[in-house]
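My notes follow in the order I took them.

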Amino acid sequence: MPASVRMIGNYRLLRLLDEYVGCARYLAEDVSTHTLVQISLLAPPGRGRLNGALHLLNWLAGIEHPQIQGLFDIGEVSGCLYYTSEYLPAGSLRERHHPGAILPLELVRHYVQQIAQPLHYLHSLGAVYASLRPENILVHAGNDLILSDFGLREYLFRLHFGDVIHPLFLRYTAPELLRGWRLPASDQYMLALLLYEWLSGAHPFDDTLQALSEAHLKKQPPSLLEHMPLLPEAVDEVLQIALAKDPMRRFASIRAFATAFEQACKA
């Protein structure tokens, strides 16, 4: 988007928030309501590829859940798609908790309940989130969490670079996703990765990027107690189930996983 462009539809661009391959996000003002919004500009390589992104955006526009970032408006300008959503100045969990941070068990328990609710809703619709990463979990008010992105970042990256897997996506994925299968249990595995990281300060597979894919597919995660021996043993047992390589060996649902984790925290 040229620097001289300061208006898109009814939205006045105020400042760049962040950008990545094929997307730039801005803080903007809706001049008709004088409210702040986030506006995201998507630029797939080639106009013909706008349709895939537009299909996903139209699906997201129909989603109504208080813990899923909703879309206000969708449009097109200068060969780019744009959509607007609520501006959340607190940012994401990646900004709140830097890599290596160890979080209190009670806070992690709260995060699990917050994240499991919208995931359960999506699964009830027959959808799989498969984008559960700290960058995509936004902070709303206090410790309330909002899910965002829904694979848009990965979709744009693949349009530009083909089957190359970005390191960020490889760090937070599930074995079956690497094989091309999207299952509700994939979200459970990815949530367990986050819990392991939040509780220990370390990723369960601290491998090189070259070995990380193989680790997701074959390597058994070390016990959480090796990092944090004072944690309840039941917490480690729950995470080991959720991190099973075979999705059929995980908990029957994301809600069952959240309930088991809640009970384990009280052990």
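Entry 1, the pocket. I looked up where the second largest pocket sits: domain 1 (5-84) and domain 2 (91-263) both give residues to its lining, so it lies between them. The domain bounds come from an automatic or database domain assignment. I note that this is a predicted model, where local features need pLDDT of at least 70, side-chain atom pairs count only at pLDDT 80 or more, and totals for chains, interfaces and linings use all residues. Residues are numbered from 1 along each chain as its sequence is written, and side-chain values use heavy atoms, with hydrogens and water left out.

A pocket is an open set of points on a 1 Å grid over the protein atoms alone, where a 1.4 Å probe fits, with protein on both sides within 12 Å along at least five of seven lines; lining residues have an atom within 4 Å of a point. A volume is the space filled by probe spheres set on the points, which are joined across faces, edges and corners.

I read a volume of about 370 Å³ for the second largest pocket. Its lining has 17 residues, and D18, R25, G91, S92 and E95 are the closest to its centre.

I found H216 in helix α8, residues 209-218 (helices are DSSP runs of H or I, at least four residues, numbered from the N terminus). H216 is buried, with a relative accessible area of 0% (buried means under 20%, with a 1.4 Å probe and protein chains only). I also noted that H216 and K245 are 7.5 Å apart in space, C-alpha to C-alpha, and 29 residues apart in sequence.

Notes:
Helix = DSSP H or I, 4+ residues; strand = E, 2+ residues; numbered from the N terminus. Buried < 20%, exposed > 50% of the residue type's maximum accessible area, 1.4 Å probe, protein only.
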